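Please load the coordinates in your viewer and follow the selections below in order. Each stop gives what to select and what is to be found there.

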Amino acid sequence: MPTICMFYGIIISMYYDDHNPPHFHAQFDDFEAIFNFEGEILTGDFPSGKKRLVAAWVEIHRDELAANWKLAKAGQALYRIDPIK
């Protein structure tokens, strides 16, 4: 699963052969969650403060996430997305 971004201890990844709806995986310490491109948790659990950071990151990078999803579905290399600074 390619890592597309890392910030504040959060690792954001996207699978190449994953199922719909479009989503990404986020990990922090022992927490793991699947988020949609609206910044909402689909499954899993995440600390509330880190969840807010992920939601803010999604707001800034939604178009890039959608582009990476299309690349992943086509089996092409994914682009790194800038972290929150």
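Select Gly 44 in this predicted model: its relative accessible area is 55%, so the residue is classed as exposed, the threshold being over 50%. Gly 44 belongs to strand 5, which spans residues 41-45. Beyond the neighbours within four places in sequence, display Glu 32 and Ala 33, with which Gly 44 is in contact. Then draw a distance from the C-alpha atom of Gly 44 to that of Val 54: the two residues are 10 apart along the chain, and the separation is 14 Å.

Five strands form an open sheet in the order 1-2-3-4-5, with antiparallel pairing. Strand 1 (3-7) and strand 5 are the edge strands, each pairing on one side only. From one strand to the next, the twist averages 15°.

Next, show strands 4 and 5 together; four bridges join them in the antiparallel sense. Phe 35 has Ile 41 of strand 5 as its bridge partner.

Finish at Asn 36, in strand 4 (residues 31-36). Is Asn 36 buried or exposed? Asn 36 counts as buried because its relative accessibility is 12%, and the limit is under 20%. The side chain of Asn 36 reaches the backbone nitrogen of Glu 38 at 2.9 Å. Leaving out neighbours within four places in sequence, the contacts of Asn 36 are Pro 22, His 23, Phe 24 and Leu 42.

Key:
Residues are numbered from 1 along each chain as its sequence is written. This is a predicted model: local features need pLDDT of at least 70, side-chain atom pairs count only at pLDDT 80 or more; totals for chains, interfaces and linings use all residues. Side-chain values use heavy atoms; hydrogens and water are left out. Helices (H or I, at least four residues) and strands (E, at least two) are DSSP runs, numbered from the N terminus. Buried means under 20% relative accessible area, exposed over 50%, partly exposed in between (1.4 Å probe, protein chains only). A polar contact is a pair of N or O atoms within 3.5 Å; within protein, one must be able to donate a hydrogen and the other to accept it, and residues adjacent in sequence count only if both atoms are side-chain atoms. Contact means heavy atoms within 4.5 Å. Two strands pair if DSSP finds at least two bridges between them. Axes are lines fitted to C-alpha atoms, for helices over the stretch in contact, and angles run from 0 to 180 degrees between N-to-C directions.
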